[in-house]
Every structure is written in C-alpha cells, then in structure tokens.
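Subject: Structure handover

Hello,

Here is the structure I promised to pass on. My notes follow below it.

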Amino acid sequence: MDKISALRTKMAEESVDLVALGPGAHLKWLTGMHPHADERPFIFCITAEQAAILMPSLESESARRQTDLPFFEWSDAEGPMGALEQLLEATHASAARSIVLDETMRADHAALVQDRLMNAKRQFCETTVSALRARKSVEEYNILKANAAVADAAMQAAWDAMRPGMTELEVAAIARAKFADLGAKPLFSIIGAGSNGAMPHHQTGETVLEEGQAVVMDIGGGKDGFSSDMTRMAVMGHAPEGYAEVHAVVESAVQAAMEAARPGVRAHVIDDAARKVITDAGYGEYFMHRTGHGMGVEVHEPPFISASSQSVLDEGMVFSIEPGIYLPGRFGIRLEDIVIMRADGPEILSGLSRDLKVIS
C-alpha cells in the first residue's frame, strides 16, 4: 500500500474528511516534496477520493518536477482565497466535518482552512500522519540502521583524535567531518567537557579538554532522508571522583527502560522504569528530561517517551532511550541508543558499546 492510500485508510478509521499539510516533515514523508516554506500559502489537501495542492504560481514549475498531483495556483496579484475555494470544491472538502491540520504549518495558513471550514472539528496529525510515520517500513529501518553505523564511525573518529588541550569545538569538528566523509549531513554535535556536561543541551564551545574530565558526546547526522542520534561518554585519562557509581546507575536505568519496552506498553512505562532506577539511587532530582523521543525523518518526532505520554508503543516504532544524571559543577552522564520495537522488545541500531571510553 502506498503512503497516500495508507493515510486514507487511517482517515477512514478516524472519521477524518480532510488532511491539510504545509511544507515540512509530514509533507516530505508522505509525498517526497520539500517545497520552499515562506509567507505564501502552500497547502496539500487530501480527502477520501481526491488530493490537490494550493500552489503559489512562482513555485509551480519547480514543484511539478516532484509530483503530478493537481495544482490550484494563485498569484501574488490574486491572493490565495479564490484558488483555495476551487480546491475545496474539487476535492469535495467544502462540507468537511472533521479536519486534520499540520501542527507545524504557519498559523496564518492554517487559519485559511479553518476560516473556510468553521463548523468542522479540528485536530492535529497525531492519529493520522504521525501514526503512520511512527511505524517504520523495512526500507526505512535499513536506512536508519545505516545511519546508526555512520554515527558509530563518527563517534569512533572523535575518540581516536581527541586529546587533552583540544577544545570542544575541535572535537565536534572531527565528528562532523566524518559524517560528511560518509555522505551524511552533520546535524548536531554536543560536546560537553567537565561541568559543561551537567547541562543536557550544552552549547559546544571553546572549553579546553583537561585530564580527569568526563565528556558527554551527543552527535547525529542525516542521510537518505533520515537521521541518527547517539550519546556516549568519554573520560580524559581517568574518570573524576564518583563517576563510576553514577555511570553504573545510568546504565542500569537504560537496561530497565529496555526491559520495560514492549509492544502494547504505554510510553510512560518506559520513562517510569528508567526514572525509578535513578530515583532509588538518590539522583532523581538530577534527571530532568524525558527518557526518549521518536526518530525518523526528524531527529525528534513521536512517540515521546515521557512521564506523561499515553502513546501505545507498537512494532516498527523507532525511538531513543537516553536517561541521564547531571551533577551541577561536576559532570553529566547520558547514555543514548536508538531502538526499533520488535515483537520481543527493542533492537538497538548502534553497534557501539555504551561502556565508558577512556582516552589515553
């Protein structure tokens, strides 16, 4: 079944009459299109039988190379409302009673649809497009697995080169260069040395790596339309005082989360399992973020593995497991793996051990 047919099946299950998407990850996943996003409304509309695009005329020639879907074009002189009215009539969406709007669409563009369909019940993409994106196909799994191997190589390259006296930025540059060498676009590289590692989203900077520091290394890249994301720990020569105990707690939290992750389980159960290990060890206040996030076309996408998430996990879902402990003024520890849910539990995509890397 192609993606648009699969979406129509979901729409029928959820009693949705119209899905309206703007430029972004949903549209790219569904159609392969990635148009320029600006103030001009570009809206892909799909109903049970029809699909069409509200198309700025100056984008049409380029867009036509990506799709043969019908366009309802509008110019700057005319404005979009006439073309939108024609599109809604042609797709039989004028009387829609239940609509799904892309939550990442510009608010003023979404308002064009809402204002025209004022009596329709509105929801976002969680139970339709997002639900389909969350369950990866075999092809998507293979791409994600290959991306994980690229991230492994980038991490190894950084480990091989990093030495005391280098800056965080210099270490990040090595990882980013390896991503590029292997055909991936570097997306992020958080290198947090010493006390900087106690900030989960530290801004990699000019801090110099020193003997006895712990270093948080969180890197990711994109290739073939999908992403990678992993976090590992290194120490410069030797670990700081108290490090071994905390690393062991975080590793136990990872293992507890892995054990809790099974098809049919709600996402918060995984977060609960990791958080209990850390809280029971006396570090609960130092674990201040969720246990994980989904990954695919975007680095962060559903399902979100948080204490409040009621999402039910299913086979084929891909997400991170990444508990952490962050001790202000001392060091931070985060261990992150991307997994795909199988019938018997999670399969880790990375082949790189979570054991501490000692840089000698």
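Which residues of helix α3 (residues 57-64) are buried? They are Glu 59, Ser 60 and Ala 63. Buried means under 20% relative accessible area, exposed over 50%, and partly exposed in between, with a 1.4 Å probe and protein chains only. Helices (H or I, at least four residues) and strands (E, at least two) are DSSP runs numbered from the N terminus.

Before the rest, some ground rules. The model is predicted, so local features need pLDDT of at least 70 and side-chain atom pairs count only at pLDDT 80 or more, while totals for chains, interfaces and linings use all residues. Residues are numbered from 1 along each chain as its sequence is written, and side-chain values use heavy atoms, with hydrogens and water left out.

Back to α3. Contact here means heavy atoms within 4.5 Å. On the other side of α3, Leu 58 and Glu 61 are exposed.

Next, the pockets. On a 1 Å grid over the protein atoms alone, a pocket is an open set of points with protein on both sides within 12 Å along at least five of seven lines; a cavity is a set where a 1.4 Å probe fits but cannot get out; lining residues have an atom within 4 Å of a point. Points are joined across faces, edges and corners, and a volume is the space filled by probe spheres set on them.

The largest pocket has a volume of about 380 Å³. Its lining has 18 residues, with Glu 126, Thr 127, Ser 130, Pro 302 and Ser 311 nearest the centre. Helix α6 (129-134) and strand β12 (301-305) are the elements that give two or more residues to this lining.

The second largest pocket comes to about 260 Å³. It is lined by 16 residues. Nearest its centre lie His 201, Asp 218, His 293, His 300 and Glu 322. Here β7 (185-193) and β11 (292-294) each give two or more residues.

How many cavities of 30 Å³ or more does the whole structure hold? The search finds one. Helix α7 (residues 138-161) gives the largest share of the lining, three residues. Other lining residues include Met 230, Met 295 and Ile 338.

Now His 26, in helix α2 (residues 25-31). This residue is buried, at 4% relative accessible area. Its side chain makes a polar contact with the side chain of Glu 103 (3.0 Å). A polar contact is a pair of N or O atoms within 3.5 Å; within protein, one must be able to donate a hydrogen and the other to accept it, and residues adjacent in sequence count only if both atoms are side-chain atoms. Beyond four places in sequence, contacts of His 26 include Cys 125, Val 129 and Ser 130.

Last, the backbone. Most residues other than glycine have a negative phi, and most peptide bonds are trans. Pro 302 and Pro 303 are joined by a cis peptide bond, with omega about 0°. Pro 303 sits in strand β12. Ser 15 has a positive phi, near 55°. It lies in the loop between α1 (3-13) and β1 (18-21), and is exposed at 55% relative accessibility. His 92 also has a positive phi, about 60°. Its loop runs between α4 (81-90) and β5 (98-101). At 58% relative accessibility, His 92 is exposed.

Best wishes
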